[in-house]
Amino acid sequence: MIGFFALVIIYFGFSWGLPWHKLPSTISFSYIFDLLFALGVSFFYRLPWKFKWNITRQTWKAVAEVVALAVAAIASIWYMDIETPFRLVNGLEWHLLLFAPILEELVFRQTFQRVLIAQVGGKYVTSMLVASIFAFSHLVGLTVLPVEYVPFIGFQVFYTFVLGIICGQALLRFHSVIAPIFLHFLFNLSFYIALQLEVI
């Protein structure tokens, strides 16, 4: 467990400690750093890379959970009239639909959760703990976004925690990093569609 928490501290030390937000079109952290971190830790710990994903009834249950969460989150943002920062990002579709689902899942599920599974076993607590860290990572917006987006950041921490649990359970259930990547993509796609329709 000490090694796990050391990894978390190193990750946040670099991703929050260096001025990644000064790069154009970036509202969170450097995706290049995320990729190198995930690859480096996976190599060091010899973590399994499983891309095969068998579609089962459990798959449709996970998809339904993600869609329900996305609809609830979007409806809440619309109802509470919360200002969202997504339109501040140039090339939003690349960030929301490609970089975030792939790289965030590589860091949080492929890296952090697999390291934790190796240390404590494939238990429900691994997805809960990593989901908490995943949600916490979104607080970086407090340091780089204007004050009018603080309510959104607070709400984002809540829904990303639930998303993190769903994606973590998908890793435990399907044993493939493709499953959480796809579910994360589906969630972000829902937000992208809502933005294009100007629902939020």
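Predicted model: local features only at pLDDT ≥ 70, side-chain atom pairs only at ≥ 80, totals over all residues.
View 1. Together with Trp 78, Tyr 79, Met 80, Ile 193 and Leu 197, Val 199 makes a nonpolar surface patch of about 710 Å². The largest share of this patch, 3 residues, is supplied by helix H3 (residues 57-80).

View 2. Helix H1 (residues 2-17) has 16 residues and reaches 21 Å from its first C-alpha to its last, which is close to the 22 Å expected at 1.5 Å a residue. Its buried residues are Phe 4, Leu 7, Val 8, Tyr 11, Phe 12 and Ser 15, and they lie on the same side of H1 because they cover an arc of only 120° around the axis. On the other side of H1, the residues Ile 2, Ile 9 and Gly 17 are exposed. The cover over the buried residues of H1 includes helix H2 (31-45), helix H4 (92-120) and helix H5 (124-137).

View 3. Side chains of opposite charge can pair when their charged atoms come close. Here Arg 109 forms a salt bridge with Glu 105, and the closest N and O atoms are 2.7 Å apart. Both residues belong to helix H4, where Arg 109 and Glu 105 are 4 residues apart, about one turn of the helix. Arg 109 is buried, and Glu 105 is buried as well.

Technical notes. Residues numbered from 1 in each chain as written. Heavy atoms only, no water. Patch = residues over 30% accessible without salt bridge, like charges linked within 9 Å, V, L, I, M, F, W, Y side chains within 5 Å. Areas by Shrake-Rupley, 256 points an atom, 1.4 Å probe, with all protein chains shown as cover. Salt bridge = Lys/Arg side-chain N within 4 Å of Asp/Glu carboxyl O. Helix = DSSP H or I, 4+ residues; strand = E, 2+ residues; numbered from the N terminus. Expected span 1.5 Å × (residues − 1). Buried < 20%, exposed > 50% of the residue type's maximum accessible area, 1.4 Å probe, protein only. Arc of directions from axis to C-beta. Contact = heavy atoms within 4.5 Å.
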